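Hi there,

Here is the structure I promised to pass on. Have a look at it first, and then read my notes below.

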Amino acid sequence: MIARGAMHRGSALWIAALVHRLSGLALAIFLPLHFLALGLAIDGEAKLERFLRWTDQPLVKFAEGGLVFLLTVHLLGGLRVLVIENFDWRDGQKQLATIAAAISAIIAFIFLAQVF
Amino acid sequence: MNVRLYLWQRATAALMVPLVLVHIAVIFYATRNGMTAADILSRTHGSIMWASYYGLFVAAASIHASIGVRNVLAEWSPLTDRRAGMLAVALGLLLAALGARAVFAVVLS
């Protein structure tokens with residue numbers, strides 16, 4: 001027998017909430033590193049340039065594509081929450097969550113296609 | 001999450017919707033031909049517009065992220081609400097300080 005609390009797990013909207021939370025957490029972990037990287041410019045353009053050339057590595061570019069996905073999926077997931085909380089209920093929330101994930105994946109893919 | 005934190009969380013989220021959209025557009029623009037420090041700094045150096053935009057973004061993101069992390073810690077970790085709150089405040093202050101330093105670095109230094 002499935003515990004009552006676990007019954008909803010695996011549903012599209014439960015996964016959407018989990019993705020929203022995990023993407024937010026990942027972005028919160030990334031942000032200090034992002035700020036430290038930009039802060040390199042305090043010591044001059046050359047230091048920032050050295051770091052940017054380090055980011056030319058394929059693995060780093062893939063990670064950047066992942067970050068673009070996380071940022072977009074968190075934005076769209078958050079927009080969905082704001083709309084649900086502030087406007088009349090609309091059907092098709094599962095489809096909207098799926099579309100948000102698909103758009104995020106497409107944007108991340110376009111980013112990767114551009115940087116490679 | 002109490003009502004005050006809930007309202008801050010949602011207000012900063014709404015504020016960041018246009019900021020994130022612009023940021024994503026800037027990411028695509030900046031990386032279109034490979035990204036160089038000279039390109040970035042030539043756009044941002046001495047720009048009051050970029051200083052205001054990124055300053056506001058840093059403030060909103062610091063508040064939004066710290067409240068979000070507080071909720072995660074309170075719900076998913078064994079920490080008490082008080083401890084989760086203290087860690088979240090520390091994270092918010094760290095993000096605000098590092099973010100302000102980054103804005104200073106690309107706009108004013």
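At what angle do helix α1 (residues 12-39) of chain A and helix α4 (residues 93-115) of chain A pack? The angle is about 40 degrees, and their axes are 9 Å apart. That makes α1(A) oblique to α4(A), a word for angles that are not under 35 degrees (roughly parallel), over 145 (roughly antiparallel) or 65 to 115 (roughly perpendicular). Where they meet, α1(A) brings A12(A), L13(A) and A16(A), while α4(A) brings Q93(A), K94(A), A97(A) and T98(A). By class, four residues of this contact are nonpolar, two polar and one charged.

A word on the source: this is a predicted model, where local features need pLDDT of at least 70, side-chain atom pairs count only at pLDDT 80 or more, and totals for chains, interfaces and linings use all residues. Residues are numbered from 1 along each chain as its sequence is written, and chains are lettered from A in the order in which they are written.

Next comes helix α3 (residues 58-86) of chain A, with 29 residues. From first C-alpha to last it reaches 42 Å, close to the 42 Å expected at 1.5 Å a residue. Its buried residues (20 or more other C-beta atoms within 10 Å of their own) include G65(A), F69(A) and H74(A). The buried residues of α3(A) pack against α1 and α4 of chain A, together with α1 (3-30) of chain B.

Finally, 29 residues of chain B are in contact (C-beta atoms within 7 Å) with 26 residues of chain A. By class, that side of chain B has 21 nonpolar, five polar and three charged residues.

Enjoy exploring!

Conventions
Axes are lines fitted to C-alpha atoms, for helices over the stretch in contact, and angles run from 0 to 180 degrees between N-to-C directions. Helices (H or I, at least four residues) and strands (E, at least two) are DSSP runs, numbered from the N terminus. Two residues are in contact if their C-beta atoms, placed from the backbone, lie within 7 Å. Ala, Val, Leu, Ile, Met, Phe, Trp, Tyr, Cys and Pro count as nonpolar, Asp, Glu, Lys and Arg as charged, and the others, Gly among them, as polar. The expected span of a helix is 1.5 Å times one less than its number of residues. A residue is buried if 20 or more other C-beta atoms lie within 10 Å of its own, exposed if 12 or fewer, and partly exposed in between; C-beta atoms are placed from the backbone.
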